[in-house]
Amino acid sequence: MPAALRAILASSTPLPERVIPPAQALLLTSGLAEDAAVLAHFARHLVSATRAPADAIHALLHLRPRPRCAHPFNALISHLTLSGDPSAAFRAFAVLAAGGDAGRPDGYTLPTALKACARLGGGLHEGRQVQVVAEKGGFLGRLPVRNALVTFYGACGECGDARKVFDEIARPDVVSWTALVSALIRGGRFADALRLFGEMDVSPNEGTLASALVACGRLGAARSGKAVHGWYLKRERGMKLIVGNAVLNMYVKCEKLDLARRVFDGLLARDIVSWTVMISGLVNCRLPSEALELFNEMQTSGVKPDKVVLSTVLSACASLGALESGRWVHEYIERKGIEWDVHVGTSLVDMYAKCRCLETSLSVFHKMPVKNVSSWNALINGFALHGHGREALECFDRMVASGLPPNEVTFIIVLGACCHTGLVQEGLLLFESMKNSYDLSPWEEHYGCMVDLLGRAGFIQEACGLVKVMPMKPAVFTWGALLSACQDHGQVDFSQQILRHVHELESSGSGVYVLLSNVYAVNGRWTDVKRVRGLLSEKGLRKEPGSSAIEVNGKTSEFLVGQKNHQDMDEISAMLSILMKQIHLDGL
């Protein structure tokens, strides 16, 4: 019987709750309660089967192993943390730290307890208590305890305390260095993390390299990232997946998509993270067609998409207006029984709205179990895109009435809705309410929307006055809105003043110069047209060609103005010729 019980408890299959009391009785009668290793296995079953963590603690105390040993409680603390109940894990540590029948903490208890404290969210106070126990017990001299403290303080955002503990380590190992690099990254100190990585006097492991690459990506430091990538390739024959994904993510964050794709294609194995990073990178860099193509490759690879990938793909569908592909993703979510979270629901609302299915978008919105400000923003934007300015404002009012305060993005959307439907008075009131009612400071985009709103309505002087009182330097978007208003209302003199401001900007796209050139052309000022186009060439800018996309049988094709190298160009030209002849015959 003892051997059979030992084997059952060592098994990875969890025991049902009803079996726990008989197993506990057998442990006592068989003498196996004296075996700390067996009790450690039993602790795992207690966590998986017992609903109340306090019952698990009491059950373990009731067995009272001899001699007193922390090993069963260490296992209990660890499994409670892994099961998502770090608060109960800390309570188990507190029982052990109090002494008595539970025994005393040992050198393995403290790193386990600190891991639980790191996952508590606001567990700084509890972690400091663990540190006091470690100090009183004489465990601070142990390297694993020090490393766990560095990791704990990093998880709590206390970079200074993490550094202090690190500096007190006589001979830091690679775990110590990695813990501090990760702590600095968690604290947003990416440059400091890279400097520390360069100071390492031990060889970095995969975790260290992944952390350093995260810092490079967040800084946009592609050169440093390449150096880390090159260092790794010189020492390893093949790229481990954790490092490969980190390199891939770094290149994506630095917008080096050619290098990212090369790394992606070179990975010996790809997991869901690899696909997610690459697809998200393509979407974020405004290459939605390529993102959808890669998603199709993912389908054939056998890797099942998760909520993150599906939300990203829906974003690509929204950008392209690829309704058929978007519907397929929606049907896939329903078919696989994937539970809607707020991100998936919001992505569906946004996709249907941008694919001209406002009713479906509204239906999806109402079915969402939980809505956040992004969900409301997507719906309000849907009304705005369809020219329903009044409905957009009504939706905004419903969001506020629900108790959810708008954010800066919300105001960009509703101000844009006012612009496109000529709701000047409503826009002015909303703009004022940002600071007065919601304590939000307007961004440059908000001022740009207001300039656009006033300009479209013909209030050029008022729009110029608003530009003058802006707390930040107007960027290209604002000047472009003002120029567009000048063009619509024939205000050429204002255009000349705007040109000087635009020319002073360090970086501006070609759009403003093209718009200014059009203003002059409409008014027959060809000398000025030539001068503006000269400035365009002088700055090394060129007009981005217009584009359009069409979805046929689930495949999206994009066309550029003046494009002659499309793979179906012969068929397209033949069809255009037929259509032109038919138009001629019909006398249109």
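Guide: Accessible areas here come from the Shrake-Rupley method with a 1.4 Å probe, and for residues only the protein chains shown count as cover. This is a predicted model, where local features need pLDDT of at least 70, side-chain atom pairs count only at pLDDT 80 or more, and totals for chains, interfaces and linings use all residues. Residues are numbered from 1 along each chain as its sequence is written, and side-chain values use heavy atoms, leaving out hydrogens and water.

Visitor: What does the accessible surface of the chain come to?

Guide: About 30,300 Å², and 53% of that belongs to carbon and sulfur atoms.

Visitor: How many of the residues are buried, as a percentage?

Guide: Buried means under 20% relative accessible area, with a 1.4 Å probe and protein chains only. Of the 588 residues in the chain, 46% are buried.

Visitor: Which residues touch the most other members of the largest nonpolar core?

Guide: In soluble globular proteins, nonpolar side chains tend to be buried together. A nonpolar core is a set of buried Ala, Val, Leu, Ile, Met, Phe, Trp, Tyr and Cys residues joined through side-chain atoms within 4.5 Å. Here the largest one has 165 residues, and Leu76 and Met351 touch the most other members.

Visitor: And what does Leu76 touch?

Guide: Contact means heavy atoms within 4.5 Å. Leaving aside residues up to four places away in sequence, Leu76 touches Ala43, Val47, Ala56, Ile57, Leu60 and Ala92.

Key
Buried < 20%, exposed > 50% of the residue type's maximum accessible area, 1.4 Å probe, protein only.
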